Each structure stands twice: as structure tokens, then as C-alpha cells.
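Have a go at each task before you read its solution.

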Amino acid sequence: MGREELHITVPSLFKCPISMEVMKSPVSLCTGVTYDRSSIQHWLESGHDTCPATMQVLPSKIFVPNLTLHRLIHLWLHHSTTAAAAATASLISSHQLRVFIENITANVDRRDCLEKIVEFAGARDENRRFLGDFDGFVEAIVGVLCKSAEMEVVELVVRVLDLITSQNGVKERVYSSIFRSNHQKWFASICLLLRNGSVNSKIESARVLEYLAALDVTESKRRIAEEEEILTVLLRLLASENDFNLCDAVLSCLTAVSVTRSVKPRLVRFRLIPILSEKLLNPNTKLSTAGKCVKLLSRVSTCPEGRSAISEAPKCVAAVVERLMKAGTEDAVAMLWGLCCVHGDKKVKDVVVKSNGVTKILLVMQSECEGHVRRMCGELVKTLRVGCKVGGNGNGSGSGGDGALRRYETKTTHIMPC
């Protein structure tokens, strides 16, 4: 991809009809036509008494400043200059990139080269595709993380990886490069950023890990899951950080990794359940973050350790029920269904009933949910019926219990619990 010529199209309205240049001081004649002041002055001083554009005889040679057009031209010039400067700065030819790769590999002006690459990659998607497809680029970038311990260099490399890893085929090449080299050093560099980097660097590191975990290769998830230090640092960030974007990135990464069966018990052992409970109980937690918390809870509830930890955390179950209609509805229903219907956890059933869960489940059934979600809700209603009656006061008006279920059965018979 060579350096291109930059062409800026000038709106015809901004051009003087005489000089055909952008007007510096637009003025209008009595005919309504606007010219640049210097051009029309020269025309009139040369003895002409007509409007150059219309050739009408001018009853008056007085002209007035066109202030509106002047402001529009000024704004356009400012925008065009900024855009042109950015475009010029973000152009890198194939030859230049090859030189950058050589310098980065040889540690010659490494930081300066990486800064230019970051600016180039951030400019547009075409640039990111160019970098991702360029022979040897991904391997050189990954190699830096396996060698350098300089914080600023590591931050720049991860920023580049975050920008290009979503491009087609790049994840696979990054993964292959990591495990062909010193992958322990690569993970150590990522841990360094997760611990001591800026908030943006931590977000970018979590996203790069998520990209790799999302590969359709079981080995990639397992390798990341085996890095106990990575999991520990991610969970510490989730527990201590208040930045919602960082929490979202960490949750997405952990969810991608938790597909692996072996990692779920370890996440539970590292106190994942209390951490997620705190997030769900926090009224300031965003809906998107709460939804990701519920999704991760649903994942770990599929292992015995996860089910046991959730069963012993009534506040966690209550928080899931509270957010049933607001965030992660399908995942919340799946988790409650698994604990109550499949495994018959009495503690969880009691908490769901006491938290007005039956009413909320009935509301989910009446919403436009998927068929399999409606079926799980129906089974939950059946399973919780006994709990509802036990939790009531004997007259069918227990809190969230049999009273709600009776009203549902008599007034909303168009939805039948299955």
C-alpha cells in the first residue's frame, strides 16, 4: 500500500467565480452573486460595470460582506486542514512498514516506530487490514512482548494487537506466534499491564486475551486458563476496579475462558461468586455489566463447585432474581432452572420464592422470550409451586407465592406452564 496523493474537493459555493479559488473575504453584489473581495475589486476598478457571472449591468457597485458564507468557509478550512494532517500522518507504505518491522525486531527506535504504527492502525479499518495481512508483522509484534519488559513498549504493542486482532485470520497468527516462542514471557508481559498499566492498557489486555480465548481451538482456552496468575489478576481487577469499561472487558474475558470445564472450579476457588454478587447488588452497576455477571454465574453453575457456592450465597441468588427482567434474562432463567429443577437445590428454591421469584418468572413467560426460555420458566413454576405454598400463610396470599400462582392460573390462562 503506497503513499497516496491527497485530494480535497472544494465545494463550488466556496469558490470565487472569477479566480476559482477558495474565497478569503466573500462579498456580495446587488445581483446576489458572491465573489472574493480582491477579485471583484480588480474587476470593477478595471472599468467594468457588469456582474461577471450574469453580465447584468450593475445599478450600484456597492458590495457587502457575506458573513454567513465567511463563517462556513472558515469552519470547512479548519476541518479540511485537520483531516488532511491526520491522513498524511497516518500513511505508511509497504517499504516503511518493512523498515519499522526490522527496527522493532532489532530494538532500534522501537518506541517511535510503535507509536507511528498505533497512529496508523487507529486511523481506519483499511490500515488495520493492511497491518494484519502484512507478512511478518504479527510475528514481529508478538515477539516484542516475549522479549521486552519496558512498560511503555508493552503498552504500545498491546494497543496494536487490540486494534488488529479482530481482523480476519489475525487471532490464529497471534496464537500460533505466542506458542511458538516464549509464551510464559508473553503472559508475564500481559500480567504486568493488568497489574501496573493504565486503565486503557488493562482494558486492551483483557480484550486481547478474550480474542484468543474465543478462538475455535480448545487448546487456546485451556492454555489461558492454566495461567493461574492471569486468572488471579483478572479477578482482583473485577473486585477492586470501579471503571465499568474495565469491568466489562474483564467479565467478557473470563466468560470466554470459562467455557473450559477445568477452569470453572478454579474461578469458584478464587472467590468469583462473592465478587459477582457484590457487582449485582451494587445499584450503580450498569445493565450491560450486570448481564455479563449473570452470564458468568450461569456458566460456573454448571459445575458442582459453582452450584455449591451459589447455594451458600443467598444474596447472590436474590440479586439474580431481582434483575431477572432487567439484565441477562435468559442466562438467569437457565441458572435458576439448573439449580432448582435439575439439581433440586432446596436453599436456592427457598430464596427464589422469598424474593418474589415466581411472579418475576411468570412475567418472563408473558414477555416475548424464546420458546426454550418459556419452557424453562414453566418447569420452574411447577418446581417452585410447593415452595410457594410452604412459604405462604395458608390462604394463598403468601409473599410471591401461591397467591401469585393462583392469579396467574385464573387470569392468564393463555400461557400454560409446561
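Predicted model: local features only at pLDDT ≥ 70, side-chain atom pairs only at ≥ 80, totals over all residues.

**Exercise 1.** Find out which helices the buried residues of α17 pack against.

*Solution.* Start with the residues themselves: in helix α17 (residues 304-311), Gly306, Arg307, Ile310 and Ser311 are buried, where buried means under 20% relative accessible area with a 1.4 Å probe, protein chains only. Helices here are DSSP runs of H or I with at least four residues, strands are E runs of at least two, and both are numbered from the N terminus.

Next, look at where they point. They span an arc of only 130° around the axis, so they sit on the same side of α17; the arc is taken over the directions from the helix axis to the C-beta atoms.

Now list the partners: the buried residues of α17 pack against α14 (263-269), α15 (272-281), α16 (287-300), α18 (314-322), α19 (329-342) and α20 (346-354). Contact means heavy atoms within 4.5 Å.

Residues are numbered from 1 along each chain as its sequence is written, and side-chain values use heavy atoms, leaving out hydrogens and water.

**Exercise 2.** Is Gly357 buried or exposed?

*Solution.* First place it: Gly357 belongs to helix α21 (residues 357-366). Its relative accessibility is 1%, so Gly357 counts as buried. Then check the neighbours: leaving aside residues up to four places away in sequence, Gly357 touches Val321 and Val352. Leu324 is 33 residues from Gly357 in sequence, yet the C-alpha to C-alpha distance is 8.5 Å.

**Exercise 3.** Which residues have the most contacts inside the largest nonpolar core?

*Solution.* A nonpolar core is a set of buried Ala, Val, Leu, Ile, Met, Phe, Trp, Tyr and Cys residues joined through side-chain atoms within 4.5 Å. The largest one has 111 residues, and Leu97, Phe137 and Trp186 have the most contacts inside it. Helix α13 (residues 244-257) gives the largest share of this core, nine residues. There's also a second, separate core of 14 residues, with Phe14, Met23, Leu44 and Trp76 among them.

**Exercise 4.** In what order do the three strands of the open sheet lie?

*Solution.* The order is β2-β1-β3, with antiparallel pairing; strands pair if DSSP finds at least two bridges between them. β2 (34-36) and β3 (64-65) are at the edges with a single partner strand each, so one side of each lacks a neighbour in the sheet.

Definitions and conventions:
Buried < 20%, exposed > 50% of the residue type's maximum accessible area, 1.4 Å probe, protein only.
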